[in-house]
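Subject: Structure for you to look at

Hello,

Here is the structure I promised to pass on. Please open it first, then read my notes beside it.

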Amino acid sequence: MLSSLFRRKPVPAAPASSNGATSGTPVHSTDLEPRTLEIGRELLSLARANQAGLLSKQFWQDKLMNWSMKDPQFKIQLFRFVDTFPALRDPDAVHEHLVDYLSQPGLTLPPGLSLGLAAGGLAKGLLTRTVTSQIQTMAANFIAGTDAISALPVLRNRWDRSIAFSVDLLGEACVSQLEVDEYRRRYLDLVETLPARVAAFPPSALLETDHLGPVPRTNVSIKISALSAKTDPIDFEGSLNQTLESILPILLSAKKHGVLVNFDMEHHALKDLTLELFMRCCERVDFHAGIAMQAYLRSGDADAKRIIDWSRRTGRIVTVRLVKGAYWDFETIHADQQGWPCPVWAAKRDTDACFERMSASFIAALPTSAGQGGTKLALGSHNLRSIAASLAQLQARGLPPAAIELQMLHGMADALKSVAVDRSLRLREYVPVGQMIPGMAYLVRRLLENTSNESWLRAGFLDDASESTLLASPHAAATPDTTPAARARRHQLTPLTLNVPGVDLPFSSEPLRDFSDAAQRAAFAAAIATTTLPDVPISATPADADRALATAAELFPTFRHSDPAARARVLLRAANLLRAQRDALSALIVRENGKNWRNADADVAEAIDFCDYYARTALDLFTPRRLGRYTGELNEVLHEPRGVCVVIPPWNFPLAIAAGMVAAALVTGNTVILKPAEQTPAIARRLVDLLHTALAAENLPVAAVQFLPGQGETVGAYLVRDPRVSVIAFTGSRDVGLDILAAAAPQSPFSPGFSAPAELKHVVCEMGGKNAIIVDTSADLDEAVLGVRDSAFGFSGQKCSACSRVIVVGNLHDAFLARLVESSRTLVVGDPTHPGTDLGPVIDAAAADKILHYIHLGQSEGKPELAVLRPDLGKRYIGPHIFSAIQPHHRLFTDEIFGPVLSVVRATDFAHALALANQSPYKLTGGVYSRKPAHLALARKLFSVGNLYLNRPITGALVARQPFGGFGLSGAGTKAGGADYLRHFTHARVVTENTMRRGFAPED
Ligand SMILES: Cc1cc2nc3c(=O)[nH]c(=O)nc-3n(C[C@H](O)[C@H](O)[C@H](O)COP(=O)(O)OP(=O)(O)OC[C@H]3O[C@@H](n4cnc5c(N)ncnc54)[C@H](O)[C@@H]3O)c2cc1C
């Protein structure tokens, strides 16, 4: 039976109705507005009349949900607790965490809850049981069973109510091949067994036919991130091929069993990969294919065009599930954090408008006969305005309601579902099945969606918004992308045109390359292909050092008086030159020191940040600052350069650290001698070249920065001992650092032959680390595994911030270790010029020997859990190594290794874990993965390191955001990239003037 919605008169002369069907121009016209409203009103009034038995109403009325919507602070703490809940093993842990979350400062609890929270004994048990059962009920509301078989009664119940299904396996990112294999097995199982099980359901013409013919009864939704442990767009082709191979068996089986497989759409970073993969899969296997497409993306219209053009070109019919998108908050925050243009619309109505435009495009592309290519359309929405607009477009094209499918989520919008069924519209429920832990991300997304102020469903059925509000047209000029794009634009402009005294533009980090963007990927690949490594010999001798020192000392008395603004402009110019050569510099780093693409790119971005940031902080520092207000007395603090500065950077951040130390010394008016690391002179040479260009452009002497590529043992040792040197900026190993500190110290006046130095040398010294991450019992294991893996093995563990000890609390140890090992096994060791490589060669043969020595030692001290070597490529290709059963007295626990070797240690409880972590004399970085607020607070207080990271990896400190540096044996306490760093390159002087003359003084 046709719905009454379609028995009305056709839309009068909508221009698109004449061309939409034939030429494919989308049926999107303001002429459809009256019809859209008419359909919308009808659906809305029916749904509102229908809401008596609404499941979702109960959900919203639930006390906790209701309070969450009133109080955003409470919502955050409650949802955090819900997210942690499945990891909690017993009622005591549930109670402890609940009390902890709900006792956070500034939180107002709903009446009654505070009493329950404070009480112990019986009330404690009652509270725990009540909350546990509420969460389980919420989860059961959205999740139909633990697997397809247990969900069968739900599927049958829906089918009998004229609702079809798409089954989804809960769980998202897989961190290892084992997990991928398990997901693929479960998907295959679904595809193979479900059709037979649902064959017993009675036939339904409504659900099993569209305007072209039969529609598969079994419909399964898959996520590509669950089907490959390496879905990283940086290696687009590699990820594509790997995922394709993984998915193919499912598709072949789906074809055999007549199952429709829908590719869900996940984060924006995976969008292009998902689309391309989908199209290639369709070209390989002739299965019933569907794909979700998101209207909240600014690229929505272009994405729709792309898939439509492809389907027409190939003659392939596919079903598009048009949704708005489930990750809006994530995408917005992520883009903001990265300084990238935001991929999603900023205003809800823009998403709604894009949904209607995309729907119009797809409806225009609906095939009208089975022989044609084109896109069939399913609407994944609970918004009656959005649905009504599509129905109006369909009607205008003269197609029957069977040509479109409505899809809604299990556990939501029952009133709307009833209306759809009443009106004989084909309706499908998206039915997730699975366990609570992998299901939590889905559940939290649903909770956020349901309680969002922007939710149409909430406005329509909880807040009782007016009909005109609910059905209002979203079409208007799109809201511009403000903050992130403005930031990105500012980066393109940061600029030579800048009037430096106006460098009051706030500092913002240089955005990293977005490797999910094809253009950025291609530019980077081209730079790698065209960059060769120049020969920069390590040739300087102590005699050269002597001459360089003479030049620097001679220049200093004039250079010290150069205009601080001109020096700041030098750094801004240098930042711009770095930006202009950005990919070429990264390529040089890849070739010279073996970093992979991402690490090399981050190195260059950090160098830019140092220049930009120190230019700004120097201007501030060199502006005399008045101290206090005293009539008749002027007190000012002034800063002035110290003298000749020797910079000795390491090879592991060959551009960033060198640039940071040289920039700091230069901008504060010192003359600088840069002695590069022996392993990476070429990149240092480029840095000096561009600093010379920048100095010359400001009419400052280029000799203010001298390049002295010599051996550390000879030239370095000579430089640091020379009395003409006032500052030494060093980053490197503990042994060399301690030697420099000793060499820089003045002689004791009581030693024979003592002669007093003209100046005490100041040493800015950053050394190594033996960094630990604690994984607490309540940790999010997905995050902890990836965070530890990346912190330990990123750039082969050759970062002073790298994790080399992971301390796991209590009985989580075995589960964590097993996942960590399997996840680390997926890392690719190989040629760093290839985008899919995770670990390139370690820096040189000597480093390889040292690392291999510790690997050998680990075999006797602990239990080898993972050992990846690539002897076929050479001894420098050392992959991840993990040792368990390491004890605090073992050398693997105490020694800095500077390679991809990770020790796993057991702790009895959190306090024990902290004690173990603090046992090292190095105090550089540390991390904690925990979802217990009290433990995070304890770590803040007691975890004794220079940079502590909570619930994130421990490497990748950003200038100004995470000023970097440690204490103990890790360094002298300076914080690179921090507000106070430049002070180390200056003397502070205070000038006091008596401003009173004959009893009068200037007014303040
Ligand atoms: C059957 C089905 C399958 C689904 N599959 C997927 C999938 O594969 N991938 C996926 O991402 N989602 C998927 N979803 C989830 C879907 O994206 C959300 O349920 C949907 O966005 C809610 O939209 P609505 O039209 O029902 O509600 P509305 O309340 O009209 O819209 C809410 C949506 O608007 C957007 N929004 C909210 N605030 C703003 C803002 N300030 N600016 C711009 N936009 C904003 C967000 O997308 C939000 O979800 C699916 C949904 C269904 C029903």
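**What I found**

Ala 960 is partly exposed, because its relative accessible area is 32%, which falls between the 20% limit for buried and the 50% limit for exposed. Please keep in mind that this is a predicted model. Ala 960 sits in the loop between strand 23 (947–950) and strand 24 (967–968). Its phi is positive, about 70°, although Ala 960 is not a glycine. Why point that out? Most residues other than glycine have a negative phi.

Ser 424 is another residue to check. Its phi is near 55°, again a positive value in a residue other than glycine. Look for Ser 424 in the loop between helix 18 (414–422) and strand 8 (427–433).

Now a residue in a helix. Gln 395 belongs to helix 17, which covers residues 384–396. Is Gln 395 buried or exposed? Gln 395 has a relative accessible area of 10%, so it counts as buried, the cut-off being under 20%. The side chain of Gln 395 also makes a polar contact of 2.6 Å with the side chain of Arg 35.

**The ligand**

Which residues come nearest to the ligand? There are 31 residues around it, and the nearest are Gly 325, Thr 351, Ser 381, His 382 and Trp 456. By class, this shell has 14 nonpolar, nine polar and eight charged residues.

- Ser 381: an N or O atom of the side chain is 2.7 Å from a ligand oxygen.
- Asn 383: an N or O atom of the side chain is 2.8 Å from a ligand oxygen.
- Lys 324: a polar side-chain atom is 2.9 Å from a ligand oxygen.

How much of the ligand does the protein cover? On its own, the ligand has 950 Å² of accessible area, and the protein covers 94% of that. Several elements give two or more residues to the shell. They are strand 4 (288–294), strand 5 (317–323), helix 16 (348–364), strand 7 (404–409) and helix 19 (436–451).

**Pockets and cavities**

Next comes the empty space. Rolling a probe the size of a water molecule over the atoms shows where such space is left.

The second largest pocket holds about 1200 Å³ of space. It is lined by 42 residues, and Trp 651, Phe 730, Gly 732, Ser 733 and Val 736 are the closest to its centre. Four elements to find here are helix 30 (712–721), strand 14 (725–731), helix 31 (734–744) and helix 34 (845–861), each supplying at least two lining residues. Which of them gives the largest share? Helix 30 does, with six residues. The lining of this pocket has 21 nonpolar, nine polar and twelve charged residues.

The structure also has five cavities of 30 Å³ or more. The largest cavity has a volume of about 120 Å³. Its lining has 18 residues, and Gly 797, Ala 802, Ser 804, Phe 898 and Gly 899 lie nearest the centre. At least two lining residues come from each of helix 32 (781–793), strand 17 (803–809) and strand 20 (901–907). Nine residues of this lining are nonpolar, five are polar and four are charged.

Best wishes

Key: Residues are numbered from 1 along each chain as its sequence is written. This is a predicted model: local features need pLDDT of at least 70, side-chain atom pairs count only at pLDDT 80 or more; totals for chains, interfaces and linings use all residues. Side-chain values use heavy atoms; hydrogens and water are left out. A residue is near a molecule or strand if one of its heavy atoms lies within 4 Å of it. A polar contact is a pair of N or O atoms within 3.5 Å; within protein, one must be able to donate a hydrogen and the other to accept it, and residues adjacent in sequence count only if both atoms are side-chain atoms. Accessible areas come from the Shrake-Rupley method with a 1.4 Å probe; for residues, only the protein chains shown count as cover. Ala, Val, Leu, Ile, Met, Phe, Trp, Tyr, Cys and Pro count as nonpolar, Asp, Glu, Lys and Arg as charged, and the others, Gly among them, as polar. On a 1 Å grid over the protein atoms alone, a cavity is a set of points where a 1.4 Å probe fits but cannot get out, and a pocket is an open set with protein on both sides within 12 Å along at least five of seven lines; lining residues have an atom within 4 Å of a point. Grid points are joined across faces, edges and corners, and a volume is the space filled by probe spheres set on the points. Buried means under 20% relative accessible area, exposed over 50%, partly exposed in between (1.4 Å probe, protein chains only).
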